[in-house]
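Subject: Structure handover

Hello,

Here is the structure we talked about passing on. Please open it alongside this email.

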Amino acid sequence: MKISGKDFRVTAVAGKAFKNNKKIASAETGDNVKVIGASAFEGCTKLSKAALGKGIAEIGGNAFKNCRKLGTITIKSTKLKKVGRNALKGIKPAAKVKAPAKKLSAYKKHKGQGKKVKIVK
């Protein structure tokens, strides 16, 4: 995982791990990370972009809730099975979630983001 330019080797981001952190501007998970825990980045008001690696299978409830500057989320995984309730609630209204083309329609079914948030390939 890369947070604000520092590398950390992890397989999961624990629930509430960075909740309400006011310093994180970007987050990137490695391909070995499978789970983003509930409320992991909730309330990170400076977080503007997130890149989730090829291993992500689950994004917990409220994971990115109220990250108001979060405008770009890149999901590289085709293994995503579960997105928890309100995982993307309160992110930037016109945010873009970039997903793999072959999973685009499946990822559009996940709820919790605002109506203007676009899921694109």
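This is a predicted model: local features need pLDDT of at least 70, side-chain atom pairs count only at pLDDT 80 or more; totals for chains, interfaces and linings use all residues.

**Sheet**

An open sheet is built from 7 strands. Their order is S2-S1-S4-S6-S8-S10-S11, and the pairing is mixed. The edges are taken by strand S2 (6-7) and strand S11 (118-120). Each has a single partner strand, so one side of each is left without a neighbour in the sheet. Further in, S8 runs parallel to strand S10 (residues 96-98), with 3 bridges between them. Take Thr72 as an example: its bridge partner in S10 is Lys96.

**Core**

The largest nonpolar core counts 31 residues. Ile36, Phe41, Leu47, Ile59 and Phe64 have the most contacts inside it.

Not counting residues up to four places away in sequence, its contacts include Ile24, Phe41, Phe64, Cys67 and Leu70. Ala27 is another of the residues that Leu47 touches.

**Ala27**

Ala27 sits in strand S4 (residues 26-28). Its relative accessible area is 8%, so Ala27 is buried. Beyond four places in sequence, Ala27 touches Lys2, Phe41, Leu47, Lys49, Ala50 and Ala51. Ser48 is 21 residues away from Ala27 along the chain, yet their C-alpha atoms are separated by 8.7 Å.

**Glu42**

Is Glu42 buried or exposed? Glu42 is buried, because its relative accessible area is 13% and the cut-off for buried is under 20%. Glu42 belongs to the loop between strand S5 (35-36) and S6. Leaving aside neighbours within four places in sequence, Glu42 is in contact with Phe18, Lys19, Asn20, Asn62, Ala63 and Lys65. Two of these contacts, Lys19 and Lys65, are lysines.

**Cysteines**

How many disulfides does the structure hold? The count is 0. For Cys44, the nearest cysteine sulfur is that of Cys67, 5.0 Å away. Cys44 counts as buried, at 0% relative accessibility. Cys67 is also buried, with 0% relative accessibility.

Best regards

Key. Residues are numbered from 1 along each chain as its sequence is written. Side-chain values use heavy atoms; hydrogens and water are left out. A nonpolar core is a set of buried Ala, Val, Leu, Ile, Met, Phe, Trp, Tyr and Cys residues joined through side-chain atoms within 4.5 Å. Buried means under 20% relative accessible area, exposed over 50%, partly exposed in between (1.4 Å probe, protein chains only). Contact means heavy atoms within 4.5 Å. Helices (H or I, at least four residues) and strands (E, at least two) are DSSP runs, numbered from the N terminus. Two strands pair if DSSP finds at least two bridges between them. A disulfide is a pair of cysteine sulfur atoms within 2.5 Å.
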